[in-house]
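Here's a quick briefing to read alongside the coordinates.

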Amino acid sequence: MRQKPTGQSWRNWKKNRARARKKMNMDPNPANWDAEWDSFSGDVTHEELPKDHVEVKEIIEWRKKQFRQKQEHEESRKLIHVDVPIDGPYGILHFGDPHVDDDGTDWIQLDRDIELVKSTPGLFAANIGDSRNNWVGRLARLYADQGTSAQEALLLADYFLRELKGNWIYILGGNHDAWSGADDPLRWITDQINALYQPSEARIQLNSPSGAPVTINARHDFKGSSQWNNAHPVMKAAMLGIRDDIFVCGHKHMSGYGVVKSPDDDRICHCLQISSYKVYDRFAREKGFRDQHISPCAVTVIDPNADTNNRVQMFWDSVRGAEYLTFLRSQI
Ligand SMILES: [Fe+2]
Ligand SMILES: [Fe+2]
């Protein structure tokens, strides 16, 4: 039952109530009020708020733009053109999995090979991936087993990549690098030194001022394995897939080499499985892997003016490769 508001006489209160009912077009007879009330059953309304998202049509337009950008990137990375800034023979020192922060990594040879690239005219560098251990998630406990912290690991990787600024033909991201996800710091370091960095794989055409272009098919890992031939996965890729002058991969921390002749164009496909600078590996010992390490790297010396049989020569020993390159260049 309605209460009389305080501060009003009954008379005024009744008068005001009658006015209010009249204003609301209510029946003055209280017996009809229930029917009146039923007629006030309109929807509740509220203040219109701005949406907390952009219109769906705008989202679709943005997705189209993102896809076109991705499509352009993916299509152009199927074969990446790299200009070699030197005429005549040149070489590439393919650094095997560097794992720069591991206690078992041979920094003596790694440092020597960095200096070798810097001091040998025409010798360039390539990195097959796994630049750091980059332990993440449950594996982060493994930092307790190594002498370098995560910060020192990044410092070492940063040094390694920056020291060879201007010399990188390609840098791959390996599975250890991929564990960083979108936060991969190598992307930002390589952007700063203007080096080609690609996760997992890169197919490259090397164009030198004279002679034939040379193609490289580099993957951190080619699928497959064979207990009889370490180079089997990479040779299989050369036999069954696109033909390139050099196929190269790392990841398995073992050395292997084979050649495949392309019946289509007489090209010799050099198939390299390169090992790692991490030469002492607790995991390999636990698993009982046989020692299949010949060298942590490989040098491919390329003479773009030679015939197909002699266009590429492979060396396990980086110093020998650099010496041969220097000799070839002295013959120009
Ligand atoms: Fe790997
Ligand atoms: Fe590795």
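The largest nonpolar core has 56 residues, and the members touching the most others are A125, Y170, V234, F247 and V248. A nonpolar core here means buried Ala, Val, Leu, Ile, Met, Phe, Trp, Tyr and Cys residues joined through C-beta atoms within 7 Å. Bear in mind that this is a predicted model, where local features need pLDDT of at least 70, side-chain atom pairs count only at pLDDT 80 or more, and totals for chains, interfaces and linings use all residues. Residues are numbered from 1 along each chain as its sequence is written, while chains are lettered from A and ligands numbered from 1 in the order in which they are written.

**Core and contacts**

- F247 touches N217, V234, A237, A238, C269, C271 and L272, leaving out residues up to four places away in sequence; a contact is two C-beta atoms, placed from the backbone, within 7 Å.
- As general background, nonpolar side chains tend to be buried together in soluble globular proteins.

**I92**

- I92 sits in strand β2, residues 90–95 (helices are DSSP runs of H or I with at least four residues, strands are E runs of at least two, both numbered from the N terminus).
- I92 counts as buried because it has 31 C-beta neighbours inside 10 Å (buried is 20 or more other C-beta atoms within 10 Å, exposed is 12 or fewer, partly exposed is in between, with C-beta atoms placed from the backbone).
- Not counting residues up to four places away in sequence, I92 touches F124, A126, I169, V299 and T300.
- I92 and G256 are 164 residues apart along the chain, and their C-alpha atoms are separated by 17 Å.

**Helices α5 and α7**

- Helix α5 (150–163) packs on helix α7 (185–192) at about 30 degrees, with the axes 10 Å apart; axes are lines fitted to C-alpha atoms, for helices over the stretch in contact, and angles run from 0 to 180 degrees between N-to-C directions.
- That angle is why α5 and α7 count as roughly parallel (under 35 degrees; over 145 is roughly antiparallel, 65 to 115 roughly perpendicular, the rest oblique).
- The contact pairs L154, A157, D158 and L161 of α5 with P185, L186, I189 and T190 of α7.
- L155 is also in helix α5, but it counts as partly exposed because it has 14 C-beta neighbours inside 10 Å.

**Positive phi without glycine**

- H99, which is not a glycine, has a positive phi of about 40 degrees and is found in the loop between β2 and α4 (107–119).
- H99 counts as buried because it has 28 C-beta neighbours inside 10 Å.
- D130 isn't a glycine either, yet its phi is positive at about 65 degrees; D130 lies in the loop between β3 (123–127) and α5.
- D130 is buried, with 28 other C-beta atoms within 10 Å.
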